[in-house]
Amino acid sequence: MHDIRLLREAADTLRDAMRRRGEDELAVLVERAVELEQERRTAIQACEERKAARNAASHEVARRKKAGEPADEQLAAARVIGDEIVALEARQAEAQDELDDILAGLPNIPLPDVPAGDETCNQVLRTWGTPRAAGPAPHWEVGARLGLFDLERGAKVAGSGFIVYRGAGARLQRALIALMLDMHTREFGYEEASVPYFVNRDAMVGTGQLPKFEDDMYALRDEPFFAIPTAEVPLTNLFRHEILDGARLPLAMTGHSACFRREAGAAGKDTRGLLRVHQFDKVELVRWCAPEDSPAQHELLTSHAEEVLQRLELPYRVVLLAAGDTGFASAKTYDLEVFAPGVDKWLEVSSCSTFTDFQARRANIRYRPEAGGKPRFVHTLNGSAVALPRVVAAILEHHQQADGSVNIPPALRQYFGSDRIG
RNA sequence: GGACAGGUGGCCGAGUGGUUGAAGGCACCGGUCUCGAAAACCGGCGUACCGGCAACGGUAUCGUGAGUUCGAAUCUCACCCUGUCCGCCA
């Protein structure tokens with residue numbers, strides 16, 4: 001959500017932001033929003049003026065009654081004013097509702113260093129490690145041979161895109177989660193949280209999944225809950241409608257959760273094996289900080305996600321997303337992509353984003369800079385560290401040995417309980 | 001799921017239709033006093049929006065949303081949440 005004052009003071013900034021994202025039709029909507037903002041204020045002024053008159057009349061009624069004087073005239077006048085207020089309120093609500101609809105659908109303003117354009121304008125910033133030459137078997141063949149996951153039975157009990165991990169496959173997943181949570185809590189100062197997998201509508205609006213992307217979410221039939229597409233939603237919304245102590249920022253929390261995505265419209269694209277599934281596990285990092293700190297916090301959070309891939313000894317690259325490829329709520333996003341030689345592809349396993357005050361404004365998360373000071377919106381950031389199925393795929397392919405077995409990277413061995421699979 | 005009880009400002013806690021944005025206390029900020037601190041005393045102290053360069057003025061806000069009324073923290077209805085007991089249960 002944008003500051004409504006932007007419409008008055010810097011509508012150009014908003015328009016330009018929409019264009020940099022390639023959303024020209026949204027740029028047009030900004031014009032309409034500017035009009036509505038003006039209408040809204042006019043209505044508010046008229047409405048509040050009438051309310052002040054009514055309050056004055058009511059007070060006069062009270063005074064007269066107390067003094068034993070007649071108040072019929074004042075009562076009649078106040079009744080008329082009441083009718084006027086009803087009409088003015090309706091007009092105000094109408095403008096406000098249309099304005100809210102537009103505002104709720106406008107994505108965040110990309111930071112200045114985010115390249116304009118679509119995903120073809122993404123920039124690879126750096127690469128760590130050396131991608132392995134093509135040759136290893138794709139992970140679904142390894143998985144089938146070693147009995148690590150069971151796609152057919154996952155489809156039987158739920159549907160296609162729901163994976164059953166078995167044996168060493170299930171244990172690998174558990175080991176990865178434990179490794180990541182231990183790193184983030186013991187070494188990087190995150191507080192661990194275990195969060196609900198279902199959240200209410202307000203939470204989904206707070207982080208920006210709703211109202212625009214309702215079709216991508218699983219919803220329950222009899223309860224007003226949505227399955228979380230990422231732990232970002234419950235974690236970030238933890239402090240919704242709260243004023244945080246400025247001295248305690250930045251806050252950092254991590255949590256593991258299952259993530260549920262309908263992936264509507266993604267049929268047929270990279271769907272083989274573990275590449276695109278409806279439910280997957282992920283360890284998420286979330287940070288809350290003062291606005292001036294968010295650029296540094298963004299780099300820090302990204303480094304924590306990178307560290308996971310380094311300990312797993314998986315070659316990866318860091319990609320700065322172009323404006324058009326940057327998520328709705330994000331102002332700037334780094335994607336981390338691991339290289340999977342079996343499918344000969346870079347796989348996105350993390351998105352590390354800074355949301356500036358966009359989510360904080362929607363979710364009303366503020367902080368008080370100093371005692372007695374005015375509350376300000378925090379900046380929120382989050383990143384996956386890291387999403388599992390594709391990392392599992394990358395491990396099975398990158399660490400695949402000539403004899404068909406899979407080497408477990410040293411950092412993971414104490415968690416996995418063995419140095420190899422197969 | 002059932003039965004009660006309750007949701008008031010950062011916290012505690014008064015307040016059942018008329019200058020109540022809301023007594024009192026705590027916390028916090030500024031000041032007096034002090035070598036300094038504590039105590040005491042004085043003053044200040046929610047949030048959001050609208051207008052205004054500002055000073056300031058206005059409106060809203062007592063879980064949420066509707067309603068009654070000239071006027072609602074106070075009355076009505078619905079919902080949400082919390083607590084306790086019962087039932088059920090990993």
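**Close-up views of a predicted model**

View 1. Tyr197 sits in the loop that runs between strand E4 (191-193) and strand E5 (198-200). Its relative accessibility is 31%, so Tyr197 counts as partly exposed.

View 2. Now follow Tyr197 to one of its partners, Ser257, which touches it. Ser257 belongs to strand E8 (residues 251-260). Is Ser257 buried or exposed? With a relative accessible area of 0%, Ser257 is buried. Not counting residues up to four places away in sequence, Ser257 touches Ile228, Thr230, Ala231, Phe280, Asp281 and Lys282 as well as Tyr197.

**View 3. The buried side of helix H2.** Helix H2 spans residues 11-20, and its buried residues are Ala11, Leu14, Arg15, Ala17 and Met18. Why do they share one side of H2? They cover an arc of only 160° around the axis, and this puts them on the same side of the helix. What do the buried residues of H2 pack against? Their packing partners are helix H1 (5-9) and helix H3 (24-67). Just after H2 comes Gly22, which takes a positive phi of about 80°.

**View 4. The largest nonpolar core.** This core has 59 residues, and Leu176 and Val391 are those with the most contacts inside it. Helix H7 (residues 168-187) supplies the largest share of the core, 9 residues. Which residues is Leu176 in contact with, once neighbours within four places in sequence are left aside? They are Leu312, Leu388, Val391, Val392, Ile395 and Leu412. Another core, of 17 residues, lies apart from this one, and its members include Leu249, Val286, Trp288 and Ala290.

View 5. The side chains of Arg126 and Glu306 meet in a salt bridge, at 2.6 Å from N to O. Arg126 is in strand E1 (residues 123-128) and Glu306 is in helix H10 (residues 294-311), so the pair links distant parts of the chain, 180 residues apart. Arg126 is partly exposed, with a relative accessible area of 35%, whereas Glu306 is buried, at 8%.

**View 6. Further salt bridges.** A search of the whole structure finds 33 salt bridges. In one of them, the side chains of Glu39 and Arg32 meet at 3.9 Å, N to O. The salt-bridge cut-off is 4 Å, so a pair at this distance is included. Glu39 is partly exposed, with a relative accessible area of 40%, and Arg32, at 28% relative accessibility, also counts as partly exposed. Finally, look for the network of salt bridges that links Asp3, Arg5, Asp357 and Arg361.

Conventions:
Residues numbered from 1 in each chain as written. Chains lettered and ligands numbered in written order. Predicted model: local features only at pLDDT ≥ 70, side-chain atom pairs only at ≥ 80, totals over all residues. Heavy atoms only, no water. Helix = DSSP H or I, 4+ residues; strand = E, 2+ residues; numbered from the N terminus. Buried < 20%, exposed > 50% of the residue type's maximum accessible area, 1.4 Å probe, protein only. Arc of directions from axis to C-beta. Contact = heavy atoms within 4.5 Å. Core = buried A, V, L, I, M, F, W, Y, C linked by side-chain atoms within 4.5 Å.
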